[in-house]
Amino acid sequence: MSTADLEKIKDFLPLLIPLVIIELGLLAYTLWHINTHENYKHGTRALWNVVAIVGMQFIGPILYFIIGKEDE
Amino acid sequence: MSAFFRKEMTEHMRRKRIFVIGILFLLFAVLGVVTAKLTPLILEMFADQMPGFTMDKTESDIWDAWGQYFKNIDIPLIVFLILWSGSFTTEYQKHTLIPLVTKGLSRTGIFVSKMASAALVWTGGYALYFGVFYFYSDFYWGNGELKNVALSVGMYWLYGLWLLGILGLFSSFADTAMQVLLGVGGVFFVCSFSEFVPKLAPKLPTALTGGLGLMQGRAVPSDFTVPFVIVMVSIALCTAGGIALIQKKQL
């Protein structure tokens, strides 16, 4: 990798770091939420664990909170 | 009535609606900047492989970014409307509003509180979206060139309120969330198709999404007087109509 490429990556760091932090934080919170709740609106615990991890780039956790999480 | 408003806000928190909306607005703000920064790089890679394909510019500028701003906001707005489409109808289906009304809460109070809490969430989410985007735009390109920032950004906020007003109107008489969404979608499609008529396009509420021109100085604030008035009047009509219709609604 040339230094020009490294410079380009550095340029993106201020965007990437917060994204990664939010992504991992959201994933951790979602997994905690899935595994501390017994009932879901749709689907099962195993299904939601898989969806959250496979779709960890935001889509999995968001799907869980919109259609998986039970109404309290 | 203010107690009902607080109950609504608590419910949005408990159901994680605010949480999801917050994450979405934040995500799309950052992704908008990423897209604007990445597009020239991707085109450059493309140009290297394709002989005869030349690039006009290799650096993205601030207008690419704010173009993304007004394009990207659509998706969180749609998700917001979908999440709120059942706000009234699930209560009708579960008959949970009956005890409140028999205890003396007015139907007008219910309607106004529900709409106000939804408007507050939209305002908060949109402010977050704008704040994050504005920060990154200043960081990468500098915001000095931008004109009429508050107005052009505020217009889209008003556009969101307009769609929310229509959502409220349909919620006051529809039975299911799907009917509400079809109603809002229907109004939106009529507007979108009317945009093909060149004379009509600058007068429609959808013209308020064109804040980019105002920011670049291609348009002046007075260009948006007609859609602004139309939107204000239709928000007022939707609210009045919603309040009138919910009085007769079977709860």
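B:Lys7 is partly exposed at a relative accessible area of 32%, where buried means under 20%, exposed over 50% and partly exposed in between (1.4 Å probe, protein chains only). Salt bridges that share partners join B:Lys7, B:Glu8, B:Glu11, B:Arg15, B:Arg17, B:Glu91 and B:Lys114 into one network; a salt bridge is a side-chain nitrogen of Lys or Arg within 4 Å of a carboxyl oxygen of Asp or Glu. The model is predicted: local features need pLDDT of at least 70, side-chain atom pairs count only at pLDDT 80 or more, and totals for chains, interfaces and linings use all residues. Residues are numbered from 1 along each chain as its sequence is written, chains are lettered from A in the order in which they are written, and side-chain values use heavy atoms, with hydrogens and water left out.

- B:Lys7 pairs with B:Glu11 in a salt bridge whose closest N and O atoms are 3.3 Å apart.
- These two residues are four apart in helix α1 (residues 2–14) of chain B, so about one helical turn separates them; helices (H or I, at least four residues) and strands (E, at least two) are DSSP runs, numbered from the N terminus.
- B:Glu11 is buried, with a relative accessible area of 18%.
- B:Glu11 also meets B:Arg17 in a salt bridge, at 4.0 Å from N to O.
- B:Arg17 lies in helix α2 (residues 17–49) of chain B and is buried at 11% relative accessibility.
- Not counting residues up to four places away in sequence, B:Arg17 touches B:Glu11, B:His12, B:Leu83 and B:Trp84, contact meaning heavy atoms within 4.5 Å.

**Interface of chains A and B**

- In contact across the interface are 18 residues of chain A and 23 residues of chain B.
- The buried area is about 1900 Å², and carbon and sulfur atoms give 76% of it; buried area is the accessible area (1.4 Å probe) that two parts lose on being put together, summed over both.
- Over all chains the structure has ten salt bridges, and one salt bridge is counted between chain A and chain B.
- That salt bridge joins B:Lys37 to A:Asp11, with the closest N and O atoms 2.6 Å apart.
- B:Lys37 is buried at 10% relative accessibility, whereas A:Asp11 is partly exposed at 33%.
- On the side of chain A that touches chain B, α1 (3–35) and α3 (59–68) each supply at least two residues, and α1(A) gives the most, with eleven.

**Chain B overall**

- Chain B has eleven helices and zero strands.
- Its C-alpha atoms fill a box of roughly 75 × 40 × 35 Å along the principal axes.
- Of the 251 residues in chain B, 48% are buried.
- Among contacts in chain B between residues at least 6 apart in sequence, 80% join residues at least 24 apart.

**B:Ile62**

- B:Ile62 is in helix α3 (residues 62–72) of chain B and is buried at 3% relative accessibility.
- The C-alpha atoms of B:Ile62 and B:Asp138 are separated by 8.9 Å, with the two residues 76 apart along the chain.
- Leaving aside neighbours within four places in sequence, the contacts of B:Ile62 include B:Ser137, B:Trp141 and B:Leu146.
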